[in-house]
Amino acid sequence: MNDMAQRVVDPAAVRQPRALVGNKLTVIGALLTMTLVMIAVLGPWIAPQDPLDQSFVAASQPPSAEHWFGTDSFGRDVFSRVIIGTRASLAIGLTGPIMAALIGVWAGMLAGWFGGWTDRLLSRFSDLLMSFPTLLLGVMIAAALGPGFQTAIIAIAIALFPRFLRLARSATQVVRREPFIDASIAAGRGPLGIMLRHVAPNIAGSLIVALSLWIATAIRLEAALSFLGLGTQPPAPSWGNMIRDGMGDLVGDPWPAAFAGAAITLAVLGFNMLGDALRDMLDPELDT
Amino acid sequence: MNALLEVDDLSVHLFTPRGVVRAVDGVSFRLEAGQSLGIVGESGCGKTMTALALMRLLPSPPARIVGGHIRFNGEDIMDATDARLRQLRGSAMAMIYQDPMTTLNPVFSVGEQIAEVVRLHEHATPQAAFARAVEALHQVGIPEPDRCARAYPHQLSGGMRQRAVIAMALVCRPRLLIADEPTTALDVTIQAQILDLMRVLRDETGAAIILITHDLGVVADLVDDVAVMYAGSVVECAPVADVFAAPAHPYTQGLLRAMPSLERKLHRLPTIEGTVPSPAAMPPGCRFHPRCNLARTICRDHRPPLLGMPEHSAACWALTEFELSIAHVTAA
Amino acid sequence: MAGYILRRLLELIPTVLLVLTLVFLALRVLPGDPAIAALGEYATPDAVASFRQKLGLDQPLWAQYLSFVSDAVRGNFGRSMINGTSINALLLQNLPYTIELATAATLIGVVVGIPFGAAAAVWRNHAPDMFGRVFALVGFSIPDFYFGVLLLIAFSLKLDWFPMLGGGQGLLDGLHHLVLPAVTLGVVMAAFVMRMTRSALLEVLRRDYVRTARGKGVPEPWIVFKHALRNALIPITTGLGIYLLTTLSGTITVELVFSRPGLGQLLIGGITARDYTMVQAGLVVFAFCVVLVNLLTDLLCALIDPRVTLR
Amino acid sequence: MRRDLLKAMLGLGATLALPRMAVAETIARVGVSARDLGALDPAFGIGNGDEFAIRQIYNTLVSCPDGTELIKIDQLQGELAETWNMSPDARTWTFRLRQGVQWHKGYGEVTSEDVAFTLRRMADPKIGSQYSSNYRLIQQIDTPDRYTVVLHLSAPSPFIYATAMMPRFGGYIQCKKAVEELGDKYRLNPVGTGPYEFVSYDPKQRVVTRGFEKYWRGKPKLDRLEVLFLSETASRTLAFVKGDVDMIEGATVPGWFPSVRKQMPNAVFDFGRPGGTFTMFINMTRKPLDNLKVREAMAHAVDQSIWQGAFGDFVEPMYGISPQGFYGALQKQDIPAQDWPFSFDPALSRKLLAEAGLPNGFSVDVFISEREEYKTNLLIVQEQLRKVGIQINMRLVDHSSYHADIRKDLNALIIYGSGQPPLTQAVLNAFYDSRAIVGKPTHNMNFSHFGDVAGNVDALIDQVNRETDDARRIATLKQIQFEILRQVPVIPLPSPAGAWVRNPRLDVGFPVHAFMGTFTLGKARLV
């Protein structure tokens, strides 16, 4: 009894989201991401000690009442550094993909809508970017601009830009053939108007899912970039550079790297769960 | 000698998040070997669910058989083990589906898919099985059957694919063939060819056929008896001639009146008022009573069983009181 | 079909040329100077001048570009600016290690990912599915270099089952060195493949031809692993192809942690030391690998799905 | 058609087997903190990795006694030179070579011709060796017979042997025939006379050498010596603790030494003293660093004992411009009790800043190399200056850019660590001579612009270089250092030792108190 009737009504408008709360994973994912964002925002006020304060007397200590997560090789409080580090890692983990999304989606929609030369040019450019390993991109940008906050963001944005472009392009190509698009063309709306009113909402579902999953990837990338010494610069903490510094003495004093690694895993876990849940709800077919 | 297939009081419910749907609600019918039965009804009346239940192919969540018995050759397949069911499916009973575009596996050649049935149920070498497949394709009238056997489903037309599906179903000489709207997805000319093919194959193989369709015309010249279903249960069951000549149930009468025919010049086709009740909100008593002009208080309160003669029965209280003339009494 | 492969490889030329130009310009823009990197911080100005002259760095940019491209097209990548070793030799010696690692990781990813994914799809919302999703989420979340060091400490330092350094010599020793790095990358890959297999299989199991197969009396395992999986392999292969590119990038950090030779090391070292010829050669090879991976994926899809024609 | 496609693809993915070399022999592995080899040619060797390998393959004319850094002329031990003497006016040096010393790979016996060729090659600007400035003093080289070399210097230099003839700064004697035959390939195919002969070089991996049978001090007990490039601290440490590597270069990461000691209690720590100079130069042309009071405030804010807490006995305080062990360096007792800019006194720092018109301090942008030893030192200085209101905005740059940019005078505070011959004169020539100011044609490493700004000691430096009387030379050196330090062009940081950690099973054959690049492992054996 498949529905042979043509879909004249715009499906995005009619689709009711299934109960979001029902899914266990969603709850955990949402909780995790919310707490992390909160920690990022309130960082400086809730960190018990100054993350930069060095005291070599108390260097490389295991977790204790005074230092919940122990101290690193400079004697700095790891717990405070993980909290303050949240802001750096999340900021990079969010800004990068969002920048990539803004540019990538527009480029993807243009390529998908107009096809022909624009499509071939943009796709060739995105394939080219895809052929650069992200970490190498980071190293080259760092060599040019110097390692740091902005390098990590640019490297991640460039790395994720092609993915958003391809996603938006294929989604646009599918949506473009639907009759409700012809209907709005007949109604005299220009291509940009149509893209905004019809194409964007229809790919919004898969975009939100992709964004949350790729934020998870971005946080992992920030960690890898910091591991190579290119991300957030000392003395400011970020999870990535905490692991890098902690790795030097992992057997003797594993705590800084252990807790930073756990923080990254939790953050990526949270966004992945959220992404999974959103995907199951909004767009079961999407695969990253 | 018991019948090839006896179905009594079969019930299938769908357990969906929005509540339980009684798709099939107490369906009973019998089928002798070599006989063929048409199950007719509008979309959503439960005819496909019934067919799938016979082969135990219901999609487990959300559908489940909640009651009744299905005896195939005396063996109740309700409590048949999975292994036993696998032996029956494809050899003793086989099924043809509605949309040939999606029925065949796109990544295997047609010949391979047919040969698989042979190798599953008969100990045959792959080459022998493939030869049987080519032979089966030939039997269903496909030109150059060996080329077609090596071809992939997307390389064949709709009609050819449906013939291949039929070949697959019949290759192991099943005793029962269930055809679920085999021609609905095909255009009219191909439809006729497929129906002729089924009639020829039925006579050659002696297989009993259950033909499920919403199109009364298709049923007319292929089946011996017809069961009309409405909202999950059988409302009338009779030889095909009687159903057309003297429909007993008001719903069947409505259906026949709604068929366009060349003889009568009508500018507006008569329809049955109201719509099919939604499965979640079934009316009490006889489910047709809200749309039935003969509806009485009894119809609203109690569901009518199949009344009347065994050969021609209908589930309608009106039957007893007005002794509608039953055409079968006169027919030999 | 050979024509198709040839055409795809020819298509490689414009991409590689584009990569060459982009890399050539990018490297020249970077601050820092190969002469300083080669001669050391104390190099006197005239030593630097003679070094630049010897390597032709003092010629105008376009001249350098032309000579570089003409050499590259003939497959001669010249010599490393820092210590003069022939780059072709360097690549021949180091590239196999990266290919080994990427292949091994992919094998682990597929061999672990697909069965687990299938199990998660068949027993949806039961034990295998739940366990599988948690494994996938965790596997997907741990940064690979961090996971690598944990493996190093556990299996190499404490248990001494595997060596800790280098890429090993010869087949057996090489494989012995390959295990931990391959597992590091393989686990992440397996998590990804598993999620893809699960969703692809769930999608396929809803299709009519699966019910047809059941209607033919085909046993359940055959249905999943023959009829359904073969169809599910199509989206899995394309997804795997794309993901393999991120794995190639992952080899860089893993090679660093395991002190393994490989393309990643050559490139990172090259950029840090401003070894232009090395980096240019390395990135061309990398672009070539990317195109090869895409080609392999398309060929694999054509093999699985008869509907795909190689035009 | 489909079948052959599958076969083709499987063939592509097969593992590539590499040549096998399984030989059961005593092998010692040394892990250095370097990403790759620069060169095995003594003229171009850079960094600890190259220096260590070159030292095992080559000999010099003279060297400090094994494992020590004793530099006076009467304390030296001869290597290729059997006897050596200096003319009273320190302008003519005569070396008599040891006889029968063989070159590696059958290049025959070492002669005075090889020594003359080496000294001329090192001085030649066209070759462009970074050490060429050390050889400019040699005006003429005579080889009266097969085993005698006489050097005539353009100016008296009582320490020419230290700067030109000793290990670590290019003083390795090379084989004339080999260099001319190998040409460009010589850079990676060294031919020396040392205890270990070059075997192979695996890029990014290691250099392999084997015991040289005909070594003039007797065949080494180690069959094979491998130098592994392990730049990643975590992997290098783990490999050492596990026993895969017998000796590794230390890491200037706080807490690293106690941690290794905890994991391997019987590990042997070889601290080479005196280590390198590690100082923070203040670019006195930048506001407000041109103000002496500001510089004094900075000096008073830095407490060298903090490094002791972080690194333990890996570092030792530096009172003057050169480490305590250097010839002519300031010692603890030379430091005046009061009115000394480098005494730790944060309160005085804040008072001086207020007097300089900066009551709430100032901030300064500084870039630093990402390498551990540079980054860690600036991090510690940054934290201490932050406490007196001086905010250092730190930006990490990669190592090559750092060294290129500081020579273009682009940085305000320049942390610089360099290995110098253990002579204060060498430090003066490199960092405090006005002719060595960055940006000038004869530039060396004078980042603070001392000489042009806030005083000049060029004349005194020339005088001490020519001074032949030992006592007067030391007195002048100390006077120069006081004159420089009063202007605070630099903040001395504790001097890190040349630190290596050894597995006790690798016995070097003598106690080690010198930098790893100064002695050979000729006597080493695996216990």
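Is the crossing in which H3(A) passes H8(A) left-handed or right-handed?

Analyst: H3(A) passes H8(A) in a right-handed crossing. A crossing counts as left-handed if the near helix is turned anticlockwise from the far one by less than a right angle, and as right-handed if it is turned clockwise. The model is predicted, and local features are therefore described only at pLDDT of at least 70 and side-chain atom pairs only at pLDDT 80 or more, whereas totals for chains, interfaces and linings use all residues. Residues are numbered from 1 along each chain as its sequence is written, while chains are lettered from A and ligands numbered from 1 in the order in which they are written.

The two elements are helix H3 (residues 78–114) and helix H8 (residues 191–227) of chain A, whose axes come within 8 Å and cross at roughly 145°. Such axes are lines fitted to C-alpha atoms, for helices over the stretch in contact, and the angles run from 0 to 180 degrees between N-to-C directions. Helices (H or I, at least four residues) and strands (E, at least two) are DSSP runs, numbered from the N terminus. On the side of H3(A), the residues that make the contact include A:Ile92, A:Gly96, A:Pro97 and A:Trp113; H8(A) contributes, among others, A:Leu211, A:Trp214, A:Ala218 and A:Glu222. By class, this contact has 16 nonpolar, three polar and one charged residues. Here Ala, Val, Leu, Ile, Met, Phe, Trp, Tyr, Cys and Pro count as nonpolar, Asp, Glu, Lys and Arg as charged, and the others, Gly among them, as polar.

Leaving aside neighbours within four places in sequence, A:Ile156 is in contact with A:Ile92, A:Gly96, A:Pro97, A:Ala218, A:Leu221 and A:Glu222. Two residues are in contact if their C-beta atoms, placed from the backbone, lie within 7 Å. A:Ile156 and A:Val139 have the most contacts inside the largest nonpolar core, which has 340 residues. H8(A) gives the most to this core, with 19 residues. A nonpolar core is a set of buried Ala, Val, Leu, Ile, Met, Phe, Trp, Tyr and Cys residues joined through C-beta atoms within 7 Å. Apart from this core lies another, of 108 residues, among them B:Ala51, B:Leu58, B:Val243 and B:Cys316.

Chain A has ten helices and zero strands. Of its 288 residues, 56% count as buried; that is, 20 or more other C-beta atoms lie within 10 Å of the residue's own, against 12 or fewer for an exposed residue, with partly exposed in between and C-beta atoms placed from the backbone. Among contacts in chain A with a separation of 6 or more, 72% join residues 24 or more positions apart.

Chain C likewise has zero strands, with twelve helices. Its C-alpha trace spans about 85 × 55 × 35 Å along its principal axes, and buried residues make up 53% of its 311 residues. For chain C, residues 24 or more positions apart account for 74% of the contacts with a separation of 6 or more.

Chain D contains an open sheet of four strands in the order E4-E5-E7-E6, with antiparallel pairing. Strands pair if DSSP finds at least two bridges between them. Strand E4 (81–86) and strand E6 (138–145) of chain D are the edge strands, each pairing on one side only. Neighbouring strands are turned by 15° against each other on average, direction ignored. Five bridges join E6(D) to strand E7 (residues 148–153) of chain D, and D:Gln140 stands opposite D:His152 in E7(D). Helix H3 (residues 112–123) of chain D packs on the sheet, touching strand E5 (92–97), E6 and E7 of chain D, and its direction makes about 170° with that of E6(D).

Between chains, 27 residues of chain D are in contact with 24 residues of chain A. H11(D) gives the most to the side of chain D that touches chain A, with five residues, and that side has 14 nonpolar, seven polar and six charged residues. Among the five pairs of chains that touch, the most contacts are between chains C and D. That contact takes 52 residues from chain C and 49 residues from chain D. H5(C) gives the most to the chain C side, with six residues, and this side divides into 28 nonpolar, 19 polar and five charged residues. Chain B and chain D do not touch, and their nearest C-alpha atoms are 14 Å apart.
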